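Work through the exercises below on charged side-chain pairs. Keep the structure open as you go.

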Amino acid sequence: MFQAPVSVKVYSIGSMDGGICCHIDLHPVTKSFPSPGVSFLQPPPHGPDVSRISVTNAPDGQLGNCSGNEQSTSKHLKDIHMSGRLMEDFVNAASENTKKNLETCGVLGAFLKDGTFYVTSLIIPKQEATSNSCQALNEEEIYSIQNEESLYPIGWIHTHPSQSCFMSSIDLHTQYTYQVMVPEAVGIVLAPSDESRQYGIFRLSDPDGMNIIKECQERGFHLHKAPANGTPIYEDCPNIIFNPNLRLEIHDLR
């Protein structure tokens, strides 16, 4: 066990963005957290051994560029294991909002063991949303779950219900707040209407992207200058491994 960071912050999640619609059976589990919420536990799926995500083995045939063989501009990162059902489960939870062209956001929690992060918690907070933004409410409920289960805030996930798969300027600032706490933190975008790429697992390049966002004082949708050395501000994550045996607990607080 370890003490997860207490100063977790969840900022306004915005983009110009989307979801996916699919059916999945979730089995309720009673939990006793300081904040009331519906909790679901996914049974361990059956399938092949863990695999590092790549273009050719992306879940559900979706396009992805998170190959471990690709060159990242960032420093060495710990591997992150995720349930193969994480994105499908979130798409299901977001389906009603997606039908209304509203974004949905969630927070990912992980524990650290032997130098590897394991994402075991998806927290969907109370929230306000538009077609290109999502604001988490009652953030203390998120902190309660993370502290109760000693979880690292390993990243966030949100939908782009009607836009393409990318990180908007607001998304980049949101990503910075996670990545400055945990260097491995990820930002997952689900864009079901984007025929070329329906999901992405992103992070700010480090140090270039991190420095640009750190120095940026603008708010709302705006442009960022490119790093002087030609590297991108954000990139695909090179350290994601989908683990079919990893359980995922979903706390839907809405």
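A salt bridge here is a side-chain nitrogen of Lys or Arg within 4 Å of a carboxyl oxygen of Asp or Glu. The model is predicted.

**Exercise 1.** State how many salt bridges the rule gives.

Solution. Apply the 4 Å rule. The count comes to 7 salt bridges.

**Exercise 2.** Find the salt-bridge partner of Glu141, then say which parts the pair ties together.

Solution. Step one: the partner is Lys126, and the closest N and O atoms are 3.1 Å apart. Glu141 sits in helix H2 (residues 139-148). Lys126 sits in the loop between strand E7 (116-124) and strand E8 (127-130). The pair therefore ties together parts 15 residues apart in sequence. Step three: check accessibility. Buried means under 20% relative accessible area. Glu141 has 10%, so Glu141 is buried. Lys126 has 27%, so Lys126 is partly exposed.

**Exercise 3.** Classify both partners of the salt bridge between Asp252 and Arg254 as buried, partly exposed or exposed.

Solution. Start with the contact: the closest N and O atoms of Asp252 and Arg254 are 2.7 Å apart. Asp252 has a relative accessible area of 14%, so this residue is buried. Arg254 has 44%, so this residue counts as partly exposed.

**Exercise 4.** Which residues do salt bridges with shared partners join into one network?

Solution. The network consists of Arg85, Glu88 and Asp89. Take one of its links: Glu88 and Arg85 meet in a salt bridge at 3.8 Å, N to O. Glu88 is partly exposed, because its relative accessibility is 23%.

Conventions
Residues are numbered from 1 along each chain as its sequence is written. This is a predicted model: local features need pLDDT of at least 70, side-chain atom pairs count only at pLDDT 80 or more; totals for chains, interfaces and linings use all residues. Side-chain values use heavy atoms; hydrogens and water are left out. Buried means under 20% relative accessible area, exposed over 50%, partly exposed in between (1.4 Å probe, protein chains only). Helices (H or I, at least four residues) and strands (E, at least two) are DSSP runs, numbered from the N terminus.
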